[in-house]
Amino acid sequence: MKKFEGYMHGVNLGGWLSQCNHTKERYDNFISFEDIEKIKGWGLDHIRVPVDYNLVEDEDGNYKEEGFSYIQKAIDWAGKCGLNMVLDLHKTYGFSFDAGEKEEGFFESEAYQERFYKLWEEFARRYSKYYSRLCFELLNEVTDKEYSDTWNRISGTCIKRIRAISKNIKILVGGYYNNSIEALWDLEYPVDDNIVYNFHCYEPLVFTHQGAYWIEGMDRSFRMPFESSYGDYNEYSKKNLPGFSLPMKNYLTEDVIGIEYFDNLVSEAVRVAEERNVALYCGEFGVINNATAEDSLKWYKMICSCFDKNGIGRAAWSYKEMDFGISDDHMNSVRDEIINAI
């Protein structure tokens, strides 16, 4: 399987230019150059920078030059510190993975799709000259499986239009169910050697999102230890994740969760990547700060050992705050060990 060189050990800058109140105060203060220096000091090799269309477009699609300057700042800061960077379009006009954003119509509207293509052409014109240390991620977390065929068409068209400007920049593509491993099989075959398959992994979701206020049906007071039995994981999931199907059925209910769970998850991604000779990248993985720091460390060590075994690049979610912050005080006792695992 190909290796995503230069993007093996990274962290997300969630909440800076995306999933935020889009104000100059936020852009100027949430992340500083000192943060990028700290990440470099952690020994990581890249940052993933999510951006929303709101940063660079107004509601009518007119470009906001000041917004582009923040992306340029991120690229420059990363370059100064010797870090690579993933530019991730976290929200496009008409679509967000977060239903609370009330963005809709992207997969049905040719006008919205054209706006998406043009934005990526603009990114390519401005930033593809940094192809040796920057790559593009087309869209964060397509949600419904019913969008699969439409998304393949849209992403394929977008890649062609980027390639008319840049032949060399690497482009990351993920699939439905919020970039699930399962969706990798339904992605179009890579059209060239600079396509990377992207997935996210927060499994088991009932552990990594325990008590998450944004998940419908989740008991906000629910807490659980990582080292629980598969039977308990099934029961906790039924109670707190209505509508979610977790891959627990192949394990004995009395056994405590172990490395075999993550080995099996990752093996599905590796199989498709080997079949198609494409590099793999896990663009998000992490544990909500409702879990104990000690349990979070156990989870990080286990999943990262599987990534290491299979040569999978990754970026943890997230550097600070966003309910998952690695640099937050909650992680003080285990931060160094988590960074070593990442």
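The model is predicted: local features need pLDDT of at least 70, side-chain atom pairs count only at pLDDT 80 or more, and totals for chains, interfaces and linings use all residues. Residues are numbered from 1 along each chain as its sequence is written, and side-chain values use heavy atoms, with hydrogens and water left out.

I will start with the core. A nonpolar core here is a set of buried Ala, Val, Leu, Ile, Met, Phe, Trp, Tyr and Cys residues joined through side-chain atoms within 4.5 Å. Buried means under 20% relative accessible area, with a 1.4 Å probe and protein chains only. The largest nonpolar core has 116 residues, and within it Phe 116 and Phe 123 touch the most other members. Helix α11, residues 293–310, gives the most to this core, with nine residues. There is also a second, separate core of nine residues, which includes Phe 4, Tyr 7, Tyr 281 and Ala 315. As background, nonpolar side chains tend to be buried together in soluble globular proteins.

Helices (H or I, at least four residues) and strands (E, at least two) are DSSP runs, numbered from the N terminus.

Now the strand. In β3, residues 84–92, nine of nine residues are buried. Which strands does β3 pair with? Pairing needs at least two DSSP bridges between the strands. With β2, residues 46–52, β3 pairs in the parallel sense over seven bridges, and Asp 52 stands opposite Lys 91. With β5, residues 134–137, the sense is again parallel, over four bridges, and Leu 87 stands opposite Phe 136. With β4, residues 95–96, the pairing is antiparallel over two bridges. The hairpin of β3 and β4 has two residues between the strands, and Gly 94 there takes a positive phi near 100°.

Next, helix α5, residues 110–127. Its 18 residues reach 25 Å from first C-alpha to last, close to the 26 Å expected at 1.5 Å a residue; the expected span is 1.5 Å times one less than the number of residues. At the N-terminal end, Ser 109 caps α5, with a side-chain oxygen 3.3 Å from the backbone nitrogen of Ala 111. The buried residues of α5 include Phe 116, Trp 120 and Phe 123. The buried residues of α5 pack against β2, α3, α4, β3, β5 and α6.

What does Phe 123 touch, not counting residues up to four places away in sequence? Taking contact as heavy atoms within 4.5 Å, its partners include Val 51, Phe 68, Leu 87 and Phe 136.

Note on methods:
Buried means under 20% relative accessible area, exposed over 50%, partly exposed in between (1.4 Å probe, protein chains only). A polar contact is a pair of N or O atoms within 3.5 Å; within protein, one must be able to donate a hydrogen and the other to accept it, and residues adjacent in sequence count only if both atoms are side-chain atoms.
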